[in-house]
Amino acid sequence: MSLRAVVDAAARRRKTLVHYAPDAGDFGDGFAARNADVQHRPLPERGPPPFVVVRENGDWLGAFSAADIEAFFEPPHPDHDSAALSEPYRALADLLDDTVFGSLSRRQLLATSREIEDRAFRVGRGELHAGFQTLSAFDAQRDTYRRLAAETDLDVHVYVAPEATAPGLRENSLTVHREASPEVSRYWFVAFDGGGTDQQCALVAEQTGADSYEGAWTYDPELVESVLSAVA
Amino acid sequence: MPEGDEPSREDFSADAWDEAAAEDFVDPDVLFDALADPTRRRVAQHLDGAGDATIEELADVVVGWRLSRERVIEAAERERVLTALHHSHLPKLADAGLLRYDSDGRMARAETAAPVWDVVRVACEYANHAAAGAGE
């Protein structure tokens, strides 16, 4: 599966959030970047407190209070892997395990990449693969990746798109790949296999403008595996 | 509490009770049995307010009420709700004159006489208050 196919597969798993409440209000306004559509169903007076049913391709997946859903989507995004994560957030994170985005800035992608790197650091073992479209992009992150490799048992692989003028890329603790893979030059990716835990996650993004990227990030084990096999 | 000296609720249609014919009154044992279950009260209350609904929507509403006690409802529980609605609750509500099956598969609020729906509203109101009191 190519990286493009991974993004498409994530997009196909789009969820529908059925919002039951007396009024639609502004529910869902903040979910634009999420891989979900919102439908409103009016509740009569004296009904239950507003709640949300999560569906995917017709299948009923779960129900949550509207307040819990809104808190889940509100920035800052609750830490997906925190041990203190309460039950509804864990269940929501499992259901809404893909995020497909149409337009994220470089700064936002760096923040998402950092979340994946932090997670890999905390687990401390397993494989972490990251692609850099230019040598300067790698240089900016070089210390971070050296530290990831040196201070953990992580097997860190870095992919740098080849540049004719690039000087030697020798690293002791991490493996640098300079294959002329079209995936590497086209996509920004970071993927962590979880190191035997359920902490796997991956980000794939393609640049579409000067400071605009589209793509997906996912916590789904199969999609993460697809990213790893596409690049490794 | 209702305002003024009049003891009846504002939406309690006292005149309709006097005007109703004998056959407008559903057998009280059947009616009270229909209302002797929280799921059936939720469904009756929803139909009274919404007019009609699919069985899927009714199951969602029943699940929605349970979210007051549990923070997550999973598919297996919702499936049990759906089965119980289909085999037990909806037929009992239909017997009590509270629900009719539309030709297009929707469940509709039955056009039963006003006294019957007065009893439904009072019963639901009573149960909601009792539940709220118990939670304090």
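Let's start where two strands from two chains meet. Strand β4 of chain A is joined to strand β2 of chain B, residues 73–74, by 2 bridges. The two strands run antiparallel. Take one position in that pairing: G62(A) has E74(B) as its bridge partner. Remember that this is a predicted model.

A word of background. Strands in a sheet pair through backbone hydrogen bonds, and the pairing can be parallel or antiparallel.

Now step back to the whole contact between the chains. How many residues does each chain bring? Chain A gives 22 residues, and chain B gives 22 residues. In chain A, the residues losing the most area to chain B are P44(A), R46(A) and W60(A). Together they make up 34% of what that side buries.

Next, the area. Interface size is often quoted as the accessible area lost when the parts come together. Here, about 1,700 Å² is buried between chain A and chain B. Carbon and sulfur atoms give 58% of that.

On to the charged and polar pairs. Between the two chains there are 4 salt bridges. One salt bridge to find on screen is between the side chains of R71(B) and D68(A), at 2.6 Å from N to O. There are also 7 residue pairs in polar contact between chain A and chain B, counting pairs with both residues at pLDDT 80 or more.

Which elements of chain A supply at least two residues each to the side that touches chain B? They are β3 (51–56), β4 (59–65) and α3 (87–95). β4(A) gives the most, with 6 residues. That is the strand we began with, the one bridged to β2(B). By class, this side of chain A has 13 nonpolar, 4 polar and 5 charged residues.

Now chain B by itself. Chain B has 6 helices and 4 strands. Along the sequence, the pattern reads α-α-α-β-α-β-α-β-β-α.

Chain B also has a sheet of its own. It is open, with 3 strands in the order β1-β4-β3, paired antiparallel. Which strands sit at the edges? β1 (52–53) and β3 (99–101) of chain B do, each pairing on one side only. β1(B) pairs with β4(B), residues 107–109, over 2 bridges. Within that pairing, D52(B) stands opposite A108(B).

Two figures for chain B to end on. Of the 136 residues in chain B, 42% are buried. And of the contacts in chain B with a separation of 6 or more, 59% link residues 24 or more positions apart.

Key:
Residues are numbered from 1 along each chain as its sequence is written. Chains are lettered from A and ligands numbered from 1 in the order in which they are written. This is a predicted model: local features need pLDDT of at least 70, side-chain atom pairs count only at pLDDT 80 or more; totals for chains, interfaces and linings use all residues. Side-chain values use heavy atoms; hydrogens and water are left out. Contact means heavy atoms within 4.5 Å. Buried area is the accessible area (1.4 Å probe) that two parts lose on being put together, summed over both. A polar contact is a pair of N or O atoms within 3.5 Å; within protein, one must be able to donate a hydrogen and the other to accept it, and residues adjacent in sequence count only if both atoms are side-chain atoms. Ala, Val, Leu, Ile, Met, Phe, Trp, Tyr, Cys and Pro count as nonpolar, Asp, Glu, Lys and Arg as charged, and the others, Gly among them, as polar. Two strands pair if DSSP finds at least two bridges between them. Buried means under 20% relative accessible area, exposed over 50%, partly exposed in between (1.4 Å probe, protein chains only).
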